[in-house]
Structure formats: C-alpha cells, structure tokens
Amino acid sequence: TTEIYTLSLHDALPISIGDYVFNDVNANGQQDGSDTPLSGVTVELVRSGSVIASTITLASGAYTFTSSDGVLPATAYVVRIRDTAGSNSMRIEGMQPTTPNNGGEAVDSDGVRVSATVIEASLTTSAAGTDLDLADFGLVPALQVCGTLWEDRNGNALVNLPSPDNAIAGHSVELQDRKSTRLNSSHFANL
C-alpha cells in the first residue's frame, strides 16, 4: 500500500519580530537623521503574559526575535524594554517614550510607558515567512525642573554666586499647574 503524507512548508517558514531602539533627539516621535541608536537595552518578548525570550540591542539599536525564539504566526505579543541592572544593559530610567504612532509605521515609535521602569509595544504577527520589523522604541530624557534659589542682593535678576548674592538653603519649592495644584516639591538642602 502507498501512504500519502501532506507537509505544509508554509508553516515551516521563519518569522521574526524586531526593529530599533533610539534616542529621539528632536522628540518628534519619528526616526530621522538626528536620532541616535541606543545599544545595550534589554528587550523582552512576552506571549500570554510570560517572557519567552530576551535580547540586548546591538550598537545599531537593532534587535530581533525569530521563530527559534518561539515567535509563532498569527499570535499576539508584547515587546518590552525595561530598566535592568547589569553590565551589558543600558538603563532607561530617567527616559520616557516619545510620542507613539506619530507618522508612518516604518518610521514611528510604538512604545508606551506602563510603569516607572517598563515601556511596551503590542503587536500581532501575521503569516509564517513574514518579518514584523515594526516595534520601535523612541526615547527622550524625562523633563526636569531645576535651578538655584538665591537672594538677589544687587537686584540684577542674575545669579552671582558666591558674591554679591547668597544661595538660600533649607526651603521647599513647589511645582504647580495652572490651577495651583501641587505637582511636586523639592527641598534645597545642599547648595
């Protein structure tokens, strides 16, 4: 007797997820000539709530997960970058994601912050044999408000330290919105 077996080569084709982590220098939410790659960033691939693979971005800012990492066709994933300790991991704490989904899919940033140390992008793979190189993470430094509290002895509205003006230590400074709602405070202890 002759037995017939059917082999689907389509399902055996490789599939990948990946792309680019970058410093969005002009903070426009798009990859362009002013941006710089971020190397050493830990990237995780999450399926059904569990991390199934992890990698580190290259000097070019690129990363890739393939079928050998467990990437399956027609499956939902979360790609995650996080602040991790370690000699080969770049810390993203103090950075925030740039504006997501601003522009075409090939040049935009996709990550959104989900906690103080985690930024994620969600996607669903398509058919086997497809490279889904669209999960980009543009980052910008978090905004900071800083300055010097001083006594303007000469009245020129400029900080002239150490003389004739005096730095003032031990006072609290509050950041408020337009409705005078307190947003944050800082204590000047060592000036």
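1. Quick reminder before we start: buried means under 20% relative accessible area, exposed over 50% and partly exposed in between, with a 1.4 Å probe and protein chains only. T98 has 5% relative accessibility, so T98 counts as buried. This is a predicted model, in which local features need pLDDT of at least 70 and side-chain atom pairs count only at pLDDT 80 or more, while totals for chains, interfaces and linings use all residues. Residues are numbered from 1 along each chain as its sequence is written, and side-chain values use heavy atoms, with hydrogens and water left out.

2. T98 sits in the loop between β7 (95-97) and β8 (112-115); strands here are DSSP runs of E, at least two residues, numbered from the N terminus. Its side chain makes a polar contact with the side chain of D24 at 2.7 Å (N or O atoms within 3.5 Å; within protein, one must be able to donate a hydrogen and the other to accept it, and residues adjacent in sequence count only if both atoms are side-chain atoms).

3. Of its 23 residues, V21, L45, Y63, V79, I81, F137 and L139 touch the most other members. β1 (16-23), β3 (42-47), β5 (62-66), β6 (76-82), β9 (118-124) and β11 (137-141) each supply at least two residues of this core.

4. Not counting residues up to four places away in sequence, F137 touches residues including Y20, V21, F22, Y63 and I119 (contact: heavy atoms within 4.5 Å).

5. Y20 and F22 are both buried.

How values were computed
Helices (H or I, at least four residues) and strands (E, at least two) are DSSP runs, numbered from the N terminus. A nonpolar core is a set of buried Ala, Val, Leu, Ile, Met, Phe, Trp, Tyr and Cys residues joined through side-chain atoms within 4.5 Å.
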